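Visitor: I am new to this structure and would like to go through it step by step. Please show it to me before I ask anything.

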Amino acid sequence: MDLRFEGVSAMQLVQHYKAIELCSASQAEAEEIFGLSGISPAGKGLHLPVLLRSRSGSGFVLCRSVTAERGGEDPFVSDVEREDRSVIWSSRTRP
């Protein structure tokens, strides 16, 4: 599985994730993430707080969009080469 984050404004990660779980932050978790990031109240609507949890540690990414894809080896291939990939989960902020 490949995770693609776009428009990253802040992140707090561990070095290794074992059996990763990717999910949207609850309201309380989102407020904590926004507090840690220093994003202004006006900028909150432009960012998506995403949690990464696993047995080896937890973290977050504050971004504009996230996509989890299955298949392929290289996340930097062209769109034409992505035909063998399938989106598992995707979320983005609304403009």
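Visitor: In which strand is the place of Thr67?

Guide: This is a predicted model, in which local features need pLDDT of at least 70 and side-chain atom pairs count only at pLDDT 80 or more, while totals for chains, interfaces and linings use all residues. Residues are numbered from 1 along each chain as its sequence is written, and side-chain values use heavy atoms, with hydrogens and water left out. Strands (E, at least two residues) and helices (H or I, at least four) are DSSP runs numbered from the N terminus. Thr67 has its place in strand S6.

Visitor: Is Thr67 buried or exposed?

Guide: Buried means under 20% relative accessible area, exposed means over 50%, and partly exposed lies in between, with a 1.4 Å probe and protein chains only. The relative accessible area of Thr67 is 5%, so Thr67 is buried.

Visitor: With which side chain does the side chain of Thr67 make a polar contact?

Guide: Contact means heavy atoms within 4.5 Å. Not counting residues up to four places away in sequence, Thr67 touches Asp2, Leu3, Arg4, Val87, Trp89 and Ser90. A polar contact is a pair of N or O atoms within 3.5 Å; within protein, one must be able to donate a hydrogen and the other to accept it, and residues adjacent in sequence count only if both atoms are side-chain atoms. At 3.5 Å, the side chain that makes this contact with Thr67 is that of Ser90.

Visitor: Which residue in S7 is the bridge partner of Ser65?

Guide: Ser65 lies in strand S6, residues 65-70. Two strands pair if DSSP finds at least two bridges between them, and six bridges join S6 to the antiparallel strand S7, residues 86-92. Leaving aside neighbours within four places in sequence, Ser65 is in contact with Arg4, Phe5, Glu6, Ser91 and Arg92. The bridge partner of Ser65 in S7 is Arg92.

Visitor: How many residues of S6 are buried?

Guide: Ser65 counts as buried because its relative accessible area is 3%. Strand S6 is mostly covered, and of its six residues the number buried is five.

Visitor: Which residue in S6 is the bridge partner of Asp2?

Guide: S6 also pairs with S1, in the antiparallel sense and over five bridges. Within S6, the partner of Asp2 is Glu69.

Visitor: Which residue in S5 is the bridge partner of Leu51?

Guide: Strand S4 spans residues 48-54, and six of its seven residues are buried. S4 pairs with strand S5, residues 57-63, in the antiparallel sense over seven bridges. The two strands form a hairpin with two residues between them. In S5, Leu51 has as its bridge partner Phe60.

Visitor: Which residue in S4 is the bridge partner of Glu21?

Guide: S4 pairs with S3 as well, in the antiparallel sense over four bridges. The partner of Glu21 in S4 is Arg53.

Visitor: Near what value is phi of Ala19?

Guide: Ala19 is in the loop between strand S2 (10-12) and strand S3 (21-24). With 52% relative accessibility, Ala19 counts as exposed. Most residues other than glycine have a negative phi. Phi of Ala19 is positive, near 60 degrees.

Visitor: How far apart in space are Leu46 and Arg94, C-alpha to C-alpha?

Guide: Leu46 is found in the loop between helix H1 (27-37) and S4, and is partly exposed because its relative accessible area is 36%. Not counting residues up to four places away in sequence, Leu46 touches Cys63, Arg64 and Thr93. Leu46 and Arg94 are 48 residues apart in sequence, and their C-alpha distance is 7.3 Å.

Visitor: What pattern does the protein follow along the sequence?

Guide: The protein has one helix and seven strands. Of its 95 residues, 35% count as buried. Among contacts between residues at least 6 apart in sequence, 63% join residues at least 24 apart. Read along the sequence, the pattern is β-β-β-α-β-β-β-β.
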